[in-house]
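My entries follow in the order in which I looked things up.

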Amino acid sequence: MRRMLPFERIALPVASMGLLLLSSMGPVLAHEPSCAGTLLQVSVVEQGSTVVARFRFSLVVSGEGPTEQAALTQLNQRLARLRQSLQPFIQGRLTVPSPSTYPRSGSNGAKTSFMANTGVSGEVNRQMYTQFIQAVGGQPGVRMQGMESIANAQAEAALRQRLTAAALRQGKAEADSTAAAIGATRVRIFRINRSDSIRGPRRVQLSGTMSSGFDPSEAPEPTATARMELHYCLT
């Protein structure tokens, strides 16, 4: 007869206990809260803005040549020079998609040339914006496509908290006022619906380019909007 080892003798009871525990667990039901008085619905919208911490820039770099390969070669040379000049100013890394090429017909019987284009995007600190423009402005085949203002992450989180608190205060004030009008003595928060309530400071696309003299101090501030639907029970 085969002898049972100690760990084999305890394996069956432990497994059986696990089955009993699992079988005793029933579905967890969420009970809808009840209100024995007057149910009041208040819609609140709060908006605010925060300071610009940095900019996300978008550049277009192009190259030209009598052949497709020549255009790509010039584009790569300009990209290498641009990367080197931007290195002291950018935060994080540059994003450069694959280049595209296309022929460009010459005028008055001139030979067809080829163009190669790509984009370069990245982020620059607000304090380094002037140096960034000086580094980019004089480079051939490089033009500014757009700028976006971005908020500091901590300032963004603080703004969200302030808007949430302000929305709750406004809703409570309106509920208290309504309760006083109908003779209720108690105001209890019943439900909070936040339908697309908090959106982080929105990145605003700037239309200014290097040629128009964009001033970073005039950049639109990132904004946030808090939308809440508050339900109160007045008794």
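I began with contacts (heavy atoms within 4.5 Å) and noted that, of those in the chain between residues at least 6 apart in sequence, 83% join residues at least 24 apart. I keep in mind that this is a predicted model, in which local features need pLDDT of at least 70 and side-chain atom pairs count only at pLDDT 80 or more, while totals for chains, interfaces and linings use all residues. Residues are numbered from 1 along each chain as its sequence is written, and side-chain values use heavy atoms, with hydrogens and water left out.

Next I looked up the secondary structure, taken as DSSP runs numbered from the N terminus, with helices (H or I) of at least four residues and strands (E) of at least two. I found four helices and 10 strands in the chain, in the order α-β-β-α-β-β-β-α-β-α-β-β-β-β from the N terminus on.

I then followed strand S2 (residues 52-65), which pairs (at least two DSSP bridges between two strands) with strand S6 (residues 142-151) in the antiparallel sense over nine bridges; Phe57 has Met147 in S6 as its bridge partner. S2 also runs antiparallel to strand S5 (residues 113-125), joined to it by 12 bridges, and here I noted Arg56 opposite Glu123 in S5.

Leaving out residues up to four places away in sequence, Ser62 touches Leu75, Arg78, Met115, Ala116, Asn117 and Gly141.
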